[in-house]
Amino acid sequence: MDDLSRFKQTYFDESAELLAVAEAGLLRLAPGDVDMDEVNAIFRAVHSIKGGGGAFGFNELVAFAHEFETVMDGVRNATIPVTTALVDTLIRANDVLAQMLAYAGEGTDAPPGTTDGTVAALRRHLDAAAHAPEEAVHTPAPAPASAIPPAFPDDEDDEAGIFGDALAAIAAARDEGAPAAGPVPPGKIRWTVVFRPKAELLLSGNEPTFMLRALRRLGEAEIACHLDRLPALRDLDAELLHLHWTVTLIADPEVGRERIDDVFEFVADDCDIRITAEAPLPAVIETAAPPAAETAPALPALTQPAPAAAPAEAAAQPPAAKPAEPAKPRAAGNGSGGEHAGLTSHTIRVDLDKIDRLVNMVGEMVITQAMVAEHVRDLPPGQFQELLEGLEQLAQHTRELRENVMSIRAQPVSSVFSRMPRLVRECAGLTGKEVALVTSGENTEVDKTVVENLVDPLTHMIRNSIDHGLESPDERERVGKPRTGTVHLSAQHRSGRIVIEITDDGRGINRAKVLSKAIEKGLVAPGAALSDEEVDNLIFLPGFSTADQVSNLSGRGVGMDVVRRNISSLGGRIGVYSTPGEGSRFTLSLPLTLAVLDGMVISVGEERFVLPLTNIVESLRPKPEDLHGLVNKCDVMMARGEYVRLVHLHRLFGIPKAIDDATKGLVVLVETEDGSRLGLVVDEILGQQQVVIKSLESNFRRLEGVAAATILGDGRVALILDVAGLREMSRHGGDNPGGPRPASFPATPSLPASAGHDTRQRQTA
Amino acid sequence: MKKKVLTVDDSRTMRDMVTFTLKGAGYDVVEAADGQQAMTAMAAGKVDLVITDLNMPVMDGLTLIRKLRAIPAHRTLPILMLTTEADEKKKAEGRAAGATGWIVKPFNPDKLVSVVQKVCG
C-alpha cells in the first residue's frame, strides 16, 4: 500500500502541465504589471512540483524547487520587487526545474552543479530584498492564533498532528451521539469494550490508539472517547493519560473473547477493561445465519471467553487477510464514489495506442460499410426497402462515429501557441527588437499529430517574422510605426481545414532582393518576368536561404523550403502574402485529421486513384484547339486563359487500355501547395468519397507521386495521388509516350491482384 | 458503512495518492481540486472527514475550513490540513480557522491512515 511510486507518471504528467503554467505566467510577468493571481498560480505550480517530488524522494529537485518557491513567495508577498532581471532568473529557474524533472524521470541524478548558478541567482534576489532599505517590508506578525493557548495538548509528531482542542471537541461530539445500540446484524456479535487505562499507561510506552486500532481490525468498530476525566489545562500533565474509551465492535462469531483480550495483553494490569457481548435475536440466527449457530452460545452478557475459542484460533485468517483487501475497494470505491466522479474533472486520460486502435477500427468499419453499400446498390429497391433504409442509417451512424472518434484525437493548438511567447521574448532579446505577440483561436482543435508537427514550422516562421520581417524600433519610429512590432498568430477552422496565420506588421518581403538572390542562385532565369506573388513564393524554394539571411537567429540551416516540406507532409499548404512597408502574412492550411481524406475517385484504364479534394481546382473536357503539343513531348492545354502542363497518368504509371486523347477523356485541373497548376488526363471521374488513409510506406514502400493508399468500397486498393510528386515526375520526363516507365512504380498488373489479396488479409487479420 | 473522506488538493498527483492510500485503508474517497469544488462536494453528500491542501486556486484551504466551520452541521467535522513543512505559522492559522489537525506532505501512507483513523475512525 505504501508503494506510491505508481503515481510517478501522474506526477510527471502533471508537473509538465504545471511547468507550462508557470512559464506562461512568468512570461507575462513584467515590472509594473504584476497580476497577483498569476504570481499565485506560479507559486502553486512550483509548490506542487516540490510537494510531489518529495513523495518520490527526488531530493535534489525538491531542494531546488524550494529555492525557487522561496523567491516566488517573496514576489507573492511583495517583499521581492519584480524586475526584468528577476523575471529572467525565474524563467531560468523554471527551465532548470524542467531539467531536474527530466533527470528524475530518467531516474538519473542531475550532473553536479546543474542548479548552482540558478540557485545563486535566486538567492541574490532574496538577499537583495532582505537588505532592501525600506523597512516597510512588513512581515506578517506571528499568527495571532498562537496567542491563544490551546486548551488541550496537541497530539503531534514530525509528520502530522491533531490539535488537542479539536480532537476533544470531536470526541465530545461523538460522546453526545453515544453508541447507537441498534439490533445486532445477523450472524454477528456485538462486543462492547470499555477501556479505562490508568493515567500512567503512556509512561510504559503503550499507545492506547494502537489498541483501538487493533480492535478495529477485528470487525466494524465505533469508538467513543470520554473526556470527563480531562483536567483543565493548567493542571494537565502531558505525560499522563486522561481519556477513556468505549468501543462497540461488530465482529464475526469467529472473533472470540480471546482475540479481544489479546489486544490488551500488555496493559491488562494498567487498565480497567470491561467486555460484554451481544448476539442477534435467536430467531435471526436460525433463519438468516445458520453457520452462526455453531457459536451461538455467545449469548447476551457473556463475561467469559466464548466457547468458540478453538475456531477462533483458526479464524486468525480473516483479519490477517485484510491488508490484501486494499486493491479491491479501489475498484469498488470508484463505483460508489460515482456520484462525485464529475467533481474534479470531466476528463479521463487514455493511452494513445488505445485511441489509435479505435481510430483504426473505425476506419476498417467505414470501409466495410462502404463495401456493403456497394454490394446492395444494385438490389431492386422495392423488394429490399427495409434493408436499404437500414443500411442508409448504418452509413449515417458510421459517419457520426468516425467524426466522433476522430475528434478524440483532436487537441487545441494552444499547446503549440503557448510555447511561442517565450520564443518571441528570446528573439526580441537577441535582435534588440520590441515585439508584441498576439494570439487568437488557441482553442481551435486539430489532430494531435498535426499539433505536434506544428511546433517546428511555427517556431521557424515566427523567428523569421521577427528577424526579417520586423524593423528595429528606431527604424519603425522613422517610418511612423509604433516602436513595438506586432506578430499575430491565429488559428481558425475554415471549410474542414485548420488555417493558421502568422501576420507581422514589418517591412514586408523585399522583392528586389529576393529576386536578385534567386537569380544569383540560378533558381530563376535572369530577366524572367515574375509576378509579385511569384517572387514572394521564391522564398520557399530549396536552396534559397541566403548568406544575408544567416543570423544567429533564423539562420540555422533550415530554410522556408523545409517548412513547406514539413507542412506538405501533413497534407497542408503554405502561402505568403506580403505588402511592402506594411508586413507579411503566412498562411498554413492543414487537414483536421490525418486518418481520413476527402477525395475524388478517378479512373485510368482499369485503375482507380484518389485525388485529394483540396488539390482539385476543376475538371473540364478540353476542345482540340485548347491542346498544344510541345517539342519536348510535353503537352500543354489552354485553360481559362492560362497554359497548363498536361500529365497523362496512364503514361506516367504505364497503365494499359486508358484514354490517351484528352479531348475524349477528362482533364482534372489540380494545384499544388505552392500554387502551380497541372492538368491530369484521366478516363473518368467516379465520385467524391471520404477515404481512410493507409500508409503505403508502412505496408509496402514509398512511391513517387503517391501519397498513400486506401481501400475503396468495392474492396479494391486505390492509390492516393500526391500532386506535387506528380509534377516532379512529369518534369523528369516520366510523362512521355515513348519514355521508360518510372522504375519506382510496380508493374501495374500486380495491383488489382494484390488489392484483392490485401482485402482478404485484412479481413482475416 | 464506509466512512467518506473528501480530499481537496489542486495537485492531481497528491489527490491520487491520498485517494489510493485511503481507499486501500477501506475509506470511500471523493476529490475536489479547490475549496469551491469542496464546498459543492460537501453539499452533495455526507462526508466524514475533509483533508485539504492550503494553497489552492479559486478558494484556498483556510477559507474552506472557515466556511465549513460556519455551517452548523460541520462544526464538529474533522478537517485535516496538508502542509508542506511543519510550518508553525500555517499550523496556527489552521488552528484558528478550525482545523482538526495537520499532515505534513509528502506524507507517509501509514501515517496518513493512522491520523485519519484517529480523527474519524
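Reply: Two residues are said to be in contact if their C-beta atoms, placed from the backbone, lie within 7 Å. The model is a predicted one.

A:Asp109 lies in the loop that links helix H4 (84-106) and helix H5 (116-130) of chain A. When its neighbours within four places in sequence are set aside, A:Asp109 is in contact with A:Glu60 and A:Tyr103. A residue with 20 or more other C-beta atoms within 10 Å is buried, one with 12 or fewer is exposed, and the range in between is partly exposed. A:Asp109 has 13 such neighbours inside 10 Å and therefore counts as partly exposed. The C-alpha atoms of A:Asp109 and A:Asn59 are 10.0 Å apart, although 50 residues separate the two in sequence.

Strands of a sheet pair through backbone hydrogen bonds, in either a parallel or an antiparallel manner. In chain A, five strands make up an open sheet with mixed pairing, in the order S8-S10-S11-S13-S12. Strand S8 (435-440) and strand S12 (573-579) of chain A each have a single partner strand, so they stand at the edges, with one side left without a neighbour in the sheet. From one strand to the next, the twist averages 15°.

Two of the pairings can be followed residue by residue. S11(A) and S13(A) are antiparallel and are joined over eight bridges; in this region A:Glu501 stands opposite A:Thr587 in S13(A). S12(A) also pairs with strand S13 (residues 583-591) of chain A in the antiparallel sense, over seven bridges. A:Val576 has A:Phe586 of S13(A) as its bridge partner, and A:Arg573 stands opposite A:Ser589 in S13(A). S12(A) and S13(A) form a hairpin, with three residues between the two strands. In its turn, A:Gly581 has a positive phi of about 80°.

Helix H17 (residues 448-469) of chain A lies across S8, strand S10 (485-494), strand S11 (497-504) and S13 of chain A, and its direction is at about 20° to that of S11(A). Helix H21 (residues 560-569) of chain A also packs on the sheet, where it touches S12 and S13 of chain A. The direction of H21(A) makes about 135° with that of S12(A).

The crossing of H17(A) past H21(A) is left-handed. On the side of H17(A), the contact is made by A:Asn453, A:Asp456, A:Pro457, A:His460 and A:Met461; on the side of H21(A), it is made by A:Val563, A:Asn566 and A:Ile567. Sorted by class, the residues of this contact are four nonpolar, three polar and one charged.

In summary, the part consists of an open sheet of five strands, with H17(A) lying across S8, S10, S11 and S13 of chain A and H21(A) touching S12 and S13 of chain A.

Conventions:
Residues are numbered from 1 along each chain as its sequence is written. Chains are lettered from A and ligands numbered from 1 in the order in which they are written. This is a predicted model: local features need pLDDT of at least 70, side-chain atom pairs count only at pLDDT 80 or more; totals for chains, interfaces and linings use all residues. Two strands pair if DSSP finds at least two bridges between them. Helices (H or I, at least four residues) and strands (E, at least two) are DSSP runs, numbered from the N terminus. Axes are lines fitted to C-alpha atoms, for helices over the stretch in contact, and angles run from 0 to 180 degrees between N-to-C directions. A crossing is left-handed if the near helix is turned anticlockwise from the far one by less than a right angle, and right-handed if clockwise. Ala, Val, Leu, Ile, Met, Phe, Trp, Tyr, Cys and Pro count as nonpolar, Asp, Glu, Lys and Arg as charged, and the others, Gly among them, as polar.
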